[in-house]
Amino acid sequence: MSAIKHSKFWSTLALVASVLSVLAMAAIMFGYLGENFTFREASGHLRTAAQISVYVLGFCAVVALLSWKNKASLLKALIATAIVLTPLMVMKNSMPAGTALFAAAPAGPPPGAGAKGGDDPSTAPINDISTDTQNPPVFSAIIPLRPEGSNAIEYAGQSAAAAQAAQFPDIKPINSPLGKTEAFNRALEVANNMDWEIIAQDPRSGIIEAVASTRFFNFQDDVIIRISEHGTNIIVDIRSHSRVGRSDRGKNGERVRAFIESF
């Protein structure tokens with residue numbers, strides 16, 4: 001076969017194609033990080049680039065199979081395969097669920113609606129976690145900073161509460177022995193230690209609003225902490241809400257748990 005006879009050419013072509021596909025995805029991500037694209041624009045461009053990269057991946061794999069008699073060409077084709085496969089896997093595992101990189105956006109109920117719609121709450125998508133699901137802390141100062149197209153900031157209600165109870169039954173309000181001022185200062189200290197960007201803090205109302213960013217793609221989630229007095233008790237509540245994606249892949253739950261443990 002001609003592909004075998006010219007394996008050097010095909011393996012070089014595979015390597016070039018894999019590098020170009022990765023550069024295209026990187027350019028889109030840098031465009032998003034540089035605020036040249038909104039998240040939804042960037043995810044649309046990434047979806048196209050990722051779909052093309054899947055074809056490039058298949059091409060690289062075929063070239064590797066056809067080049068098995070030529071070790072140099074085989075190695076080059078395998079390197080090309082790894083180059084294009086690695087970012088695809090990273091994106092698949094890092095992007096918020098529901099952003100549909102490799103296909104059209106999935107149809108379905110909004111986050112948390114599975115419990116309301118009769119589906120198993122333990123599998124319903126969640127992107128909003130609160131220690132108090134009956135009277136969750138309400139965002140205020142952070143709202144003007146949220147980009148257009150973000151998820152609705154309003155709590156999804158009993159459907160989200162049922163899904164959270166099934167998936168994160170351990171997440172409860174903190175009953176603190178500290179006074180209100182001490183508890184507020186401790187919450188602020190923990191938030192700073194977790195590298196959150198503090199947007200607003202009001203010791204009088206006991207409210208702290210912050211933005212938590214992921215390290216790789218710099219996705220931003222909104223966080224609010226509420227310190228309140230209930231008789232002689234001080235209750236500390238925290239809510240973490242994703243700006244994008246139908247599901248947070250457990251990230252908000254992990255963040256809330258980390259705050260509770262640190263507090």
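**A helix pair and its surroundings**

Reply: R186 has a relative accessible area of 25% and is therefore partly exposed; a residue is called buried under 20% relative accessible area, exposed over 50%, and partly exposed in between, with a 1.4 Å probe and only protein chains considered. The model is predicted, so local features require pLDDT of at least 70 and side-chain atom pairs pLDDT 80 or more, whereas totals for chains, interfaces and linings use all residues. Residues are numbered from 1 along each chain as its sequence is written, and side-chain values use heavy atoms, without hydrogens or water.

The side chain of R186 meets that of E189 in a salt bridge, with 3.1 Å from N to O; the term denotes a side-chain nitrogen of Lys or Arg within 4 Å of a carboxyl oxygen of Asp or Glu. Both residues belong to helix α7, three residues apart, or about one turn of the helix. Helices (H or I, at least four residues) and strands (E, at least two) are DSSP runs numbered from the N terminus. E189 is likewise partly exposed, because its relative accessible area is 41%. Elsewhere, shared partners join D132, R226 and D237 into one salt-bridge network.

N185 also lies in helix α7. With a relative accessible area of 43%, N185 is partly exposed. N185 and P203 are 18 residues apart in sequence, and their C-alpha atoms are 8.3 Å apart in space.

In the largest nonpolar core, which has 26 residues, W196, I225, I227, V236 and F259 touch the most other members. Such a core is a set of buried Ala, Val, Leu, Ile, Met, Phe, Trp, Tyr and Cys residues joined through side-chain atoms within 4.5 Å. Two or more residues of this core come from each of α7 (180-193), β4 (207-213), β5 (220-230), β6 (233-242) and α8 (251-262). Helix α7 supplies six residues, the largest share. In soluble globular proteins, nonpolar side chains tend to be buried together.

Leaving aside residues up to four places away in sequence, V236 is in contact (heavy atoms within 4.5 Å) with T131, P173, I174, S176, A183, I225, R226, I227, F259 and F263. A second, separate core has 21 residues, including M25, A42, C60 and M91.

Eight salt bridges are found in the whole structure. One of them joins D132 and R226, whose closest N and O atoms are 3.1 Å apart. D132 is in the loop between β1 (128-130) and α6 (158-167) and R226 is in strand β5, so this pair ties together parts that are 94 residues apart in sequence. Both D132 and R226 are buried. Another bridge pairs R146 with D222, with 2.5 Å between the closest N and O atoms. This pair, too, links distant parts of the chain: R146 is in the loop between β1 and α6, D222 is in strand β5, and 76 residues separate them. R146 and D222 are both buried.

The buried residues of α2 are S7, S11, A14, S18, S21, M25, I28, M29, G31 and Y32. V16 is also in helix α2, but its relative accessibility of 43% means that V16 counts as partly exposed.

In helix α4 (residues 71-94) lies T81, which counts as buried because its relative accessibility is 16%. T81 touches L57, C60 and A61, apart from residues up to four places away in sequence.

For the protein as a whole, the secondary structure comprises eight helices and six strands. Their order from the N terminus is α-α-α-α-α-β-α-β-α-β-β-β-β-α. Of the 263 residues, 43% are buried. Among contacts with a separation of 6 or more, 67% are between residues 24 or more positions apart.
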